[in-house]
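Student: Got a model open here. Can you walk me through the helix packing and then the chain contact?

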Amino acid sequence: MEVLSLLAQGFGTSLLPLNIGIVIVGVTLGLFIGAMPGLGSVNGVAIVLPLTFIVPPASAIIFLAALYYGAMYGGAVSSILLGIPGSSTAVATTFDGRPMAQQGKAGLALIAAAVASFIGGTISVILFTAFAVPLAELALRFGPAENFALVLLAFTTFVGLGGDDAMKTIAMICLGLVLSTVGLDMISGQPRLIFFDMPGFFAGISFLVLAIGVYGIGEVLWTLEKSRVAPTVTPARVTWSEMRAGFAAAGRTWKTMGTGSVMGFFVGMLPAAGATPASLMAYGIAKSTSRQPETFGKGNVEGVVAPETANNAASTGSLLPMLSLGIPGSPTTALLLGGMVMWGLTPGPMLFIEQADFVWGLISSLYTANLAAVLINLALIPVFVWALRMPFSVLCTLVLVLCIVGGFAPDQRMHDVWLILVFGVVGYILRKADYPLAPLVLALVLGPVMERSFRQALIAAQGDPTTFVTRPLSATFIALAVLFFLLPVFMKLWQRRKGSHPA
Amino acid sequence: MLKALLKAESLIALGLMGLSVYFMWHAIERPIGWDGARGPGGGAFPFWLSLIMLGASTAILIRAVRTELRVPDLKPFFEPGMIGPVAAVTLALTITIALMSWLGTYVAIPLFMLWYLRVFGRNSWKVTIPLVLGTPVVLFFFFEVALLILLPKGITEPLFFPLYAMFF
């Protein structure tokens, strides 16, 4: 098997002492960020990305991927101990995790969550390894027309499957795409959309500025408004007998874990779906296939296991299209993609050929990160209980300071820091009005790819727009995109028909 | 009708409409049409996307006003009593960022933290003082010494010359 030898080579990179250290630090930091109420992987990656300049690019990506992983594990901690999801991806974990904690079984719930996360992560990393090369090989045949069609498809999944208001989603996608065109036109080289003639706009708007604004400052403002009363931390003791009980409980639910992992992986690949719907779906499946569905929501360990396997599997799944196609499967991977482009490691099929060492180093680091995460998670449970008692204002202060300073660091311009504040406040208000922010961030990251491939395809076809529908692969993507785009309309028609003929 | 227009949902839609018109006005500085065999011009992408955004936000506005006229939404946009803290933090951040260019990061950040931790968060001095004093030191070593990124110092720049001499 060629893949296995490539993977073995990858371990040669990821098992270097520097990279092992980076994975451990990344996972631990991710666990803490994930465990903090309100902060999830996307916030963690946005806030920490500017700090990763301290290590070489390849290690920085490994670090961020490890942080992503750790945050997925950590999300369960505050769901169980505080009853507040650490991030939206861990919402489903509160359903049964909180009742378990109230019944004095917090330790058991935490152990089961960690084991489930490990299983979900492991199965999905194996799937990832199996699918990465075929997908990248397929993507090698893509020209600009296919790339454009694929980005279009990614956006239409938000309209069709995102679950948010279709008009608001379209408005956010367009806003993100227009913001991505600020600066110099990459084909003619002329400046455009230089608002108020400010020189700061010549360099364009960095994805990082938007992400730190929305996921850093915006998130703090959001949490500030929602958290009137300080939550109470449920104490969790972890004993060896609980450890054994946790492993045994996880062992009994292998079917749930298997379904959750595989389903999570594939749902995670879709840009519009990802870890949150995957975990909710896994919870729903576990409940409906259970022999005692009435025990769900009252502290059934299976209700913790199902969403935790699925959200970890989905986070790995969302890395697959990012790495092999250059289309991120989640906002967090969109930030990873932006970071990689910034460091000159443009994701996509060519990366597998030109930077095979890096790609396989990263993939193999997912295995080590997963193992590190489960061990560190289990070992640090008492520390989490202590850390969650930290006053909320301390966390907010540190996040805000990191946003300001971290926003300044990459390009060293105060212009960016002001923009971060503007995006933070505007993002917070838009989020309050139920505008989805993930498509906005994704659009800013993918905007340049979309415009460049659109215009390149047209130049190559001498301005003939039928090039997008006469190439078979591109036509398939466009057809799928149209289908997704029209999905909300079909749904509405279907509901109306159902409503008028009550049967 | 006017009352329905002044609801948050309508105001935000109006804001987005204004923003898209503003974008379009900027985009027409570049060719927005089809340039023969070369495909669309430099302004086309932002212009047409802004037009779609205008359409989407107009639809949101119309829907919001119609819903509001039928069933008025009585739920306040902000959680009652929580607009104050959010506005206070936003203002504090604005002042901090303005101070960074003038008095420098190492004055602005500790002042912000002092305000947030002690005045806004009502933490004890035992929590506040170590954080307020420790954070600038960590920032200095991480950004300036390790990453060689000089944070803005404004008029306090001369005070750092001895430190520069020591570390660079």
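Tutor: Axes first. They are lines fitted to C-alpha atoms, for helices over the stretch in contact, and angles run from 0 to 180 degrees between N-to-C directions. Helices (H or I, at least four residues) and strands (E, at least two) are DSSP runs, numbered from the N terminus. This is a predicted model, where local features need pLDDT of at least 70 and side-chain atom pairs count only at pLDDT 80 or more, while totals for chains, interfaces and linings use all residues. Residues are numbered from 1 along each chain as its sequence is written, and chains are lettered from A and ligands numbered from 1 in the order in which they are written.

Student: Fine. At what angle do helix 8 and helix 20 of chain A cross?

Tutor: Roughly 45°, for helix 8 (residues 166-180) and helix 20 (residues 438-460) of chain A, and their axes come within 7 Å. That makes helix 8 of chain A oblique to helix 20 of chain A. Under 35 degrees counts as roughly parallel, over 145 as roughly antiparallel, 65 to 115 as roughly perpendicular, and the rest as oblique.

Student: Which residues of helix 8 of chain A make the contact?

Tutor: Among them are Thr169(A), Met172(A), Ile173(A) and Leu175(A). Helix 20 of chain A answers with residues including Pro439(A), Leu440(A), Gly447(A) and Met450(A). Contact here takes C-beta atoms, placed from the backbone, within 7 Å.

Student: How many of the residues in that contact are nonpolar, polar or charged?

Tutor: The contact of helix 8 with helix 20 of chain A has 13 nonpolar, 4 polar and no charged residues. Ala, Val, Leu, Ile, Met, Phe, Trp, Tyr, Cys and Pro count as nonpolar, Asp, Glu, Lys and Arg as charged, and the others, Gly among them, as polar.

Student: How far apart are the axes of helix 9 and helix 20 of chain A?

Tutor: They are 9 Å apart, and the two helices pack at an angle of about 170°. Helix 9 and helix 20 of chain A are therefore roughly antiparallel. Phe207(A), Leu210(A), Ala211(A) and Val214(A) of helix 9 meet Val441(A), Leu444(A) and Val445(A) of helix 20. By class that contact has 7 nonpolar, no polar and no charged residues.

Student: Switching to the chain contact. How many residues does chain A give, and how many chain B?

Tutor: Chain A gives 50 residues and chain B gives 58. On the chain A side, the elements giving two or more residues are helix 8, helix 9 (207-226), helix 18 (392-408), helix 19 (414-432) and helix 20. Helix 18 of chain A has the largest share, 9 residues. That side of chain A has 34 nonpolar, 8 polar and 8 charged residues.

Student: Backbone check. What is the phi of Gln412(A)?

Tutor: Positive, about 55°, although Gln412(A) is not a glycine. Gln412(A) sits in the loop between helix 18 and helix 19 of chain A.

Student: And Asp434(A), what phi and where?

Tutor: Asp434(A) has a positive phi of about 65° and is not a glycine either. Its place is the loop between helix 19 and helix 20 of chain A.

Student: Is Asp434(A) buried or exposed?

Tutor: Asp434(A) counts as exposed, with 11 C-beta neighbours inside 10 Å. Buried needs 20 or more other C-beta atoms within 10 Å of its own, exposed is 12 or fewer, and partly exposed is in between, with C-beta atoms placed from the backbone.

Student: What share of chain A is buried, then?

Tutor: Of its 503 residues, 61% count as buried. Chain A has 22 helices and 2 strands.

Methods:
Contact = placed C-beta atoms within 7 Å.
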